[in-house]
Amino acid sequence: MNSRSTHLTEYAIKEIISEKFASWKSVSPSNISITRLTGLTNITYKAQAMIDTTPQTILFREFGNAEGFVDSQQERIIFKTISDMDLGPQELECGNSWRMEEFVKDGVHPNNQKMAEANFQFKSMGVLQKFHQMEIPIPNNGSSSIINKTLSGEMKANVIKKIEKRELYTDVELKQLECMENFINNEEEFSYLNKMTRKENNEELKFCHNDLNQLNIFNTSNKDKEIIFIDYEYCSYNYPSYDIANFLNESAINYQYEEAPYYILVDDNFNTAPIQAHFLALSYILNKECTQIEIEQIQKLINEKTNKNKDELKTFIELVKQILEQRLSQQEIVELFHAISYLKRRIRRQQILSNLNWIWWSILLAHEKNSLNFEYIDYGFLRFKMLEKLLELEKARKNTQ
């Protein structure tokens, strides 16, 4: 694995902060703590003055290398816009290769149990619904650039070219790449993916995050900002179903695992994904269509077991319908649940494409000069095994329809 040799030293970080904040110039280097945080694209640090000063704690982000996946200039526009709208962390200062951000003091990354909890999912879909309503001044050409790129012949060609550099890889990596390469060269599978993507495509493009893993979400004690989405490198105009699908995929991967390779698939979350897809679709639509009073009533119904099996979810849906009957006609409720069923199907299909996108990401970033110390190929293989299982389930649904 190549190490990243061009990252800033702690001394350089302290110098940059002191240059931008006069209050830090008088702070002795021995009274400044620099702690490396987690991150798969950027390198992030918590910079903290051990004496009273303003700001006392800063998130320092050194932009990483994800060429072909991240538009750095666009990401800066997005972050500044969201910061100005007070919908995310505040931007403090920004340079060509780094940014200083507000440190979310009481923010905790949700663990996988939390990511799969009905209450957390329902609230997250409410936040995502608002996120999707933002108008951000970046290109929107009427189609999903991330899906177009994921399914493009150019992307496949670039990935195959990278795989052919076999001298880069270990024997274990070569075996993993062989499995993925067989899939990449299967034109029948890619034809299926293209047809699947076009099927029932009636969604409107919205501003999407596209990378809602547990490290990009904060749970806080602030009721006005109980759930905060951070890290906007992969944001673009896309289909809401893709954003929800990626959230669902990521809820099954533990990025806070304490042993190498420091991530692991959480089988319980992955195996219950079909039920969770239905619940997430339900939550997203209800947060959009219901009144605040109805949302509060629905939240009272939710408990940890709401989305664990079909019977529990069916019972929950019937109770939700009883709440909606106080305001909506039967026909309106039928139409609402048709929309939920449609979104559920779209989420399940977009789960496959989300995994494919991260497979490409893993292969293209592996063993690059400025990539992080991360097991990219092994991670890509994990996403590939997820894709295989989800594709199998999707084909099985098609055969029973």
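**Helix packing and burial**

Biologist: What do the buried residues of H13 pack against?

Modeller: The buried residues of H13 pack against helix H5 (118-131), helix H12 (273-289) and helix H14 (310-324). Contact here means heavy atoms within 4.5 Å, and helices are DSSP runs (H or I, at least four residues) numbered from the N terminus. The model is predicted, with local features needing pLDDT of at least 70 and side-chain atom pairs pLDDT 80 or more, while totals for chains, interfaces and linings use all residues. Residues are numbered from 1 along each chain as its sequence is written, and side-chain values use heavy atoms, without hydrogens and water.

Biologist: Which residues of H13 are buried?

Modeller: Glu294, Ile295 and Ile298, in a helix that covers residues 292-301. Buried means under 20% relative accessible area, exposed over 50% and partly exposed in between, with a 1.4 Å probe and protein chains only.

Biologist: How do you know that they line one face of H13?

Modeller: Down the axis of H13, the buried residues fall within an arc of 100°, so they line one face. The arc is taken over directions from the helix axis to the C-beta atoms. Gln292, Ile293 and Lys300 are exposed on the other side of H13.

Biologist: Why is Gln276 called buried?

Modeller: Gln276 has 0% relative accessibility, so it counts as buried. This residue lies in helix H12. Leaving out residues up to four places away in sequence, Gln276 touches Ala116, Gln121, Leu248, Ser251, Asn269 and Asn307.

Biologist: How far apart are Asn249 and Arg383 in sequence and in space?

Modeller: They are 134 residues apart in sequence and 9.0 Å apart in space, C-alpha to C-alpha. Arg383 is also one of the residues that Asn249 touches, among them Gln351, Ser354 and Asn355.

Biologist: Why are H12 and H14 called roughly parallel?

Modeller: Their axes cross at roughly 15° and come within 10 Å. Axes are lines fitted to C-alpha atoms over the stretch in contact, with angles from 0 to 180 degrees between N-to-C directions. Angles under 35 degrees count as roughly parallel, over 145 as roughly antiparallel, 65 to 115 as roughly perpendicular and the rest as oblique. H12 and H14 are therefore roughly parallel. Ile275, His278, Phe279, Leu282 and Leu286 of H12 meet residues of H14 including Lys310, Leu313 and Phe316. The contact divides into 9 nonpolar, 1 polar and 1 charged. Nonpolar covers Ala, Val, Leu, Ile, Met, Phe, Trp, Tyr, Cys and Pro; charged covers Asp, Glu, Lys and Arg; the others, Gly among them, are polar.

Biologist: What makes H8 oblique to H15?

Modeller: The axes of H8 (residues 171-184) and H15 (residues 330-365) cross at roughly 130° and come within 13 Å. That angle makes H8 oblique to H15.

Biologist: Which residues of H8 and H15 meet?

Modeller: Leu177, Met180, Phe183 and Ile184 in H8 meet Leu356, Ile359, Trp360 and Ile363 in H15. By class, these are 8 nonpolar, no polar and no charged.

Technical notes:
Helix = DSSP H or I, 4+ residues; strand = E, 2+ residues; numbered from the N terminus.
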